[in-house]
Amino acid sequence: MPANASSPTEVAPHIKREKIISLLKKKFDFENAHLRVPGKKGNGILSKCQSYDAPNQAKDLGIYPFFREIQGTEGSKVRIDDKDVISVSTNNYLGLTKDSRVIAAARAALEKFGAGCTGSRFLNGTLSLHKTLERDLSAFLNREDTIVMSTGFQANQGTISCLLGRKDVAFSDRENHASIYEGCAIAPGKTVRYRHNDMDHLEYCLKKHSGVDGKIIITDTVFSMSGDIANLPGIVKLAKDYRATVLVDEAHGLGVLGDRGKGLTTYYDLEKEIDIYVGTFSKSLGSIGGFVSGDARVMEYIRHKASAFIFTAALPPASVAGVTAALDIMNRETERLDRLRDNTAYIKKGFFDIGYQVNNNQVPIVPIKIGDEALTLFLNQLLFNDGIFASVAVSPVVPPLNAMIRTSYTASHTREDLDRILASFQKFGTELGIIPQ
Ligand SMILES: Cc1ncc(COP(=O)(O)O)c(C=O)c1O
């Protein structure tokens, strides 16, 4: 970067990719930015904080992509720095966060029950609203029972950590969400991580533990960064062969895949084969919260044993009522799902046509894999300045040198939005040598 440039956008666009990377790297050690920061000896537990400088370095370069302040939202747009930009950094797949019926239901619950529950579901925080939502989810997913929790993170963490006993073994896809990692890490049982979506490796791991009675295979159905879908038929077959329980995390499958957005489980017609279904309200259902569904006896156990459920305050009334309304809309009106699928097909074909590699599936998560972290942050900033708000995934969220721009699409995007996004990616991708001229 020129010595007097304060932001990467001041770098002339004709500068070649290698040049930009080397200029940025001189100032910022991207590959090692995530590593443990050595604290100064003798300065106590907080010394690591004093020497943690990676965010400031990125801010100085004008390429810091996190914690952007959103001043308002409208359809596919968000307002940031007093400017409307198209968001491809959202999990509001069905565009339900601002549906008037969802807002009305949330407002009514707020008026009736107040701002919060001020206590755990276990003791004093279970409202009739929670029970209604649990019944609705059980009916929608054809499960005996459901537990509504305060976040999807806690649903995974609480469920896994209370089920995985000392003698049990969990088999967890290496690309699973952090909440699954955390659940496994705090459980007394052992966890074996199998290679991402690799059924041969999963079978190898299961075979090695065939003497173990308590085995559980855990997988995201839609992987949140790559947008891959799990090989659920393969997993179910192996679970049968090796007598293992199956837990799926449908965080990004719910509202997106299968009939009426019931998830990958329904897409593959495997509802009866999946023992435990975990989901979140923070994506298609447009709010916050999580849940776990399954057989009544299993749910009753989790309800009384999961620390992440028992020792935390209940999901607030407005959120519960909003989610209940959103679920009803999702179940009855399929046009949002149709629009989401049309938009997904359109954007994927568009990216493919201009030279980006994309997954050929129905998942509206479209990662643009760049590799180098400096180049990824730089491209992201150029996109933002051009009116596109995307997310970046850098190490440790993805392995080093696997940095990507994670884009995601919703029913609210218009064709005009999608064409604008493609034009922007084409322009900067070509300039930076990411795609062919
Ligand atoms: C695959 C997956 N599981 C679980 C979660 C956690 O969901 P929540 O936001 O409800 O805590 C997320 C959210 O990022 C996710 O992507």
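At 37% relative accessibility, Asp419 counts as partly exposed, a class that lies between buried (under 20% relative accessible area) and exposed (over 50%), as judged with a 1.4 Å probe and with protein chains only. The model is a predicted one, in which local features need pLDDT of at least 70 and side-chain atom pairs count only at pLDDT 80 or more, while totals for chains, interfaces and linings use all residues. Residues are numbered from 1 along each chain as its sequence is written, and side-chain values use heavy atoms, with hydrogens and water left out.

**The chain as a whole**

The chain has 17 helices and 14 strands; here helices (H or I, at least four residues) and strands (E, at least two) are DSSP runs, numbered from the N terminus. The radius of gyration of the chain is 23 Å, close to the 22 Å that the globule rule gives for 437 residues, so the chain is as compact as a globular protein of that length. This radius is taken over C-alpha atoms, and the globule rule is 2.2 Å times the number of residues to the power 0.38. Along the principal axes, the C-alpha atoms fill a box of roughly 65 × 50 × 50 Å.

Of the 437 residues, 54% count as buried. The accessible surface of the chain comes to about 20,200 Å², and 51% of this surface belongs to carbon and sulfur atoms; such areas come from the Shrake-Rupley method with a 1.4 Å probe, and for residues only the protein chains shown count as cover. Among contacts between residues at least 6 apart in sequence, 71% join residues at least 24 apart, where contact means heavy atoms within 4.5 Å.

**Two domains**

The domain assignment gives domain 1 (62-93 + 333-437) and domain 2 (100-332), with bounds that come from an automatic or database domain assignment. The C-alpha centres of domain 1 and domain 2 lie 27 Å apart. The contact between them takes 20 residues from domain 1 and 25 residues from domain 2.

**Single residues**

Asp419 is found in helix H17 (residues 415-431), and its C-alpha atom is separated by 9.4 Å from that of Tyr346, which is 73 residues away along the chain. Leu264, in helix H11 (residues 264-267), is buried, with a relative accessible area of 0%. Setting aside neighbours within four places in sequence, Leu264 is in contact with Thr221, Ile229, Ala230, Leu232, Glu250 and Leu257.

Ser120 lies in the loop between helix H4 (100-113) and helix H5 (121-125) and, at 12% relative accessibility, counts as buried. Not counting residues up to four places away in sequence, Ser120 touches several residues, including Gly125, Thr126, Phe309 and Ile310.

| Pair | Separation in sequence | C-alpha distance |
|---|---|---|
| Asp419 and Tyr346 | 73 residues | 9.4 Å |
| Leu264 and Gly253 | 11 residues | 5.7 Å |
| Ser120 and Leu315 | 195 residues | 8.9 Å |

**Backbone details in loops**

Asp82 has a phi near 60 degrees, a positive value in a residue other than glycine. The place of Asp82 is in the loop between strand S2 (77-80) and strand S3 (83-87), and at 56% relative accessibility Asp82 counts as exposed. Asn197, which is not a glycine either, has a positive phi of about 60 degrees; Asn197 lies in the loop between strand S6 (190-194) and helix H9 (199-208) and is partly exposed, with a relative accessible area of 23%.

A cis peptide bond, with omega about 10 degrees, joins Ser395 and Pro396. Pro396 is found in the loop between strand S13 (391-393) and strand S14 (403-408).
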